[in-house]
Amino acid sequence: MPTVSGAIGYEIEIKPGCTRTISFRTPVGFGKRVSRKPFATALGQFKDQWCDQIRRVKVSLPDKRFSDCFYASLAYLMILSDDGAPRPGSAVYEPFWVRDNAYIADAYYYAGRSDLAEQSLDQLVKLQRNDGGFAPTSAGVGNSEHDAHGEAIYTFVQHYRRTKDAAYLKKVWPRIESAAKYIDALRHCQGDYNDSILPPSMSAEDLGSEKQQHYWDDFWAIRGLHDASFAAKALDRQQDAARLEEQAQSLTNATWRSIRKLAKDHSIRYIPNGPQDITSSAMARGTSCGIWPCDVLNPSDPFVKSSFDIYWKKWIEGHNGGFEHKNEYWPYAGLDLAMDYLMLEHY
């Protein structure tokens with residue numbers, strides 16, 4: 001269906017205490033005779049069509065506002081993704097983003113619309129560079145977001161987990177392998193930075209300076225390497241699987257060495273944002289992916305539990321459940337943290 005947009009301006013003078021009524025009639029037919037259905041009938045059919053699209057999964061909660069919010073959010077994502085390229089927003093975040101797509105693809109799957117998640121895979125392929133790494137966005141704003149590489153691997157492998165499409169996994173294996181090699185190469189080019197974790201990057205751009213290292217990048221890279229190992233095993237590439245799993249464990253160990261050194265040096269009991277930032281609210285945002293969806297932090301680990309207890313007290317408890325980040329409320333990261341706290345409740 002073609003998309004048409006436009007704007008019309010009117011100069012209307014209404015004196016104090018007066019009213020005017022203006023009626024607009026706009027025929028829309030796309031080459032066919034304009035429907036003469038009563039408005040109520042047309043609206044009802046439109047609602048039925050959308051309900052069929054968004055209610056593949058039934059959400060029933062005591063407070064209907066929350067289930068309505070679920071369906072409205074899904075519809076919003078679908079409207080933004082109408083050309084097959086999932087987008088997180090309609091303005092600043094209108095381009096395709098590797099990071100947001102990893103979450104959107106999962107959301108589509110759990111909402112019963114995995115068919116829409118599949119449409120993003122071709123967009124993802126287009127963002128892989130010749131060096132194996134992934135540009136973070138189709139907007140072309142730079143390449144320094146080192147979470148994108150792990151997120152791309154995760155998205156490819158999640159598709160295989162859900163479809164068991166071995167032919168597809170074999171097709172994208174060279175992309176997965178080259179992205180994993182790029183992650184490993186990053187660890188050996190950080191110069192004077194700490195502990196062989198990933199070098200500084202813009203990362204998730206709300207985390208701070210591009211001159212800082214961010215554990216968010218490491219958590220996503222670890223998950224990407226684990227998923228690359230999983231893909232290698234599925235393709236019966238056992239040596240590759242063992243090598244990739246060893247790299248994942250090496251980065252895990254390096255990340256924890258860095259965290260524990262900071263904890264000892266600064267007498268803290270939480271995972272900070274990174275070696276150069278141990279005080280900002282980015283600590284909660286940057287660690288949120290470690291439990292979910294990356295599954296690289298153990299919710300039963302006392303240090304992990306202590307971290308999220310401190311995040312709650314510092315950035316959530318005093319804000320009626322909202323996550324305060326950079327003196328604003330951040331629902332995106334707040335919902336990530338909500339998933340983490342839900343999982344922590346089970347340990």
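Me: For side chains, I take Ala, Val, Leu, Ile, Met, Phe, Trp, Tyr, Cys and Pro as nonpolar, Asp, Glu, Lys and Arg as charged, and the others, Gly among them, as polar. How do the residues lining the largest cavity divide?

Reply: The lining of the largest cavity holds 5 nonpolar residues and 2 polar ones, with no charged residue. This is a predicted model, in which local features need pLDDT of at least 70 and side-chain atom pairs count only at pLDDT 80 or more, while totals for chains, interfaces and linings use all residues. Residues are numbered from 1 along each chain as its sequence is written, and side-chain values use heavy atoms, with hydrogens and water left out.

Me: OK, and which residues line the largest cavity?

Reply: The lining of the largest cavity is made of Phe219, Ile222, Thr252, Thr255, Trp256, Val296 and Leu297. On a 1 Å grid over the protein atoms alone, a cavity is a set of points where a 1.4 Å probe fits but cannot get out, a pocket is an open set with protein on both sides within 12 Å along at least five of seven lines, and lining residues have an atom within 4 Å of a point.

Me: What is the volume of the largest cavity, and how many cavities does the count come to?

Reply: The largest cavity has a volume of about 30 Å³, and the count comes to 1 cavity of 30 Å³ or more.

Me: Which helix gives the most to the lining of the largest cavity?

Reply: The largest contribution to that cavity lining is from α9, with 3 residues. Both α8 (215–234) and α9 (238–266) supply at least two residues each; helices here are DSSP runs of H or I with at least four residues, strands are runs of E with at least two, and both are numbered from the N terminus.

Me: Switching to the largest pocket, how much space lies in it?

Reply: About 1,600 Å³ of space lies in the largest pocket. Its lining counts 34 residues, and Ser73, Leu77, Ala107, Tyr332 and Leu335 are the closest of them to the pocket centre. The elements that give two or more residues to this lining are α2 (64–80), α3 (98–110) and α12 (331–344).

Me: Back up a bit, how many helices and strands are in the protein chain?

Reply: The protein chain has 12 helices and 2 strands, and along the sequence they follow the pattern α-α-α-α-α-α-α-α-α-α-α-β-β-α. The C-alpha trace spans about 70 × 50 × 40 Å along its principal axes. Of the 347 residues, 45% count as buried, where buried means under 20% relative accessible area, exposed means over 50%, and partly exposed is in between (1.4 Å probe, protein chains only).

Me: How many salt bridges does a search of the whole structure find?

Reply: The search finds 17 salt bridges, each being a side-chain nitrogen of Lys or Arg within 4 Å of a carboxyl oxygen of Asp or Glu.

Me: Which partner does Arg99 have with N and O atoms 3.0 Å apart?

Reply: At that distance Arg99 forms a salt bridge with Glu145. Arg99 lies in helix α3, whereas Glu145 is in the loop between α5 (120–126) and α6 (148–163), so the pair ties together parts that are 46 residues apart in sequence. Both of these residues are buried. Arg99 also meets the side chain of Glu205 in a salt bridge, at 2.5 Å from N to O. Glu205 is in the loop between α7 (166–186) and α8, so its pairing with Arg99 in α3 ties together parts that are 106 residues apart in sequence.

Me: Are Arg99 and Glu205 buried or partly exposed?

Reply: Arg99 is buried, with a relative accessible area of 4%, whereas Glu205 is partly exposed at 25%.

Me: And where do Asp240 and Arg243 sit?

Reply: Asp240 and Arg243 are 3 residues apart in helix α9, which means they are separated by about one helical turn. Their side chains meet in a salt bridge (3.0 Å, N to O). Asp240 counts as buried at 15% relative accessibility, while Arg243 counts as partly exposed at 26%.

Terms used:
Points joined across faces, edges and corners; volume = space filled by probe spheres on them.
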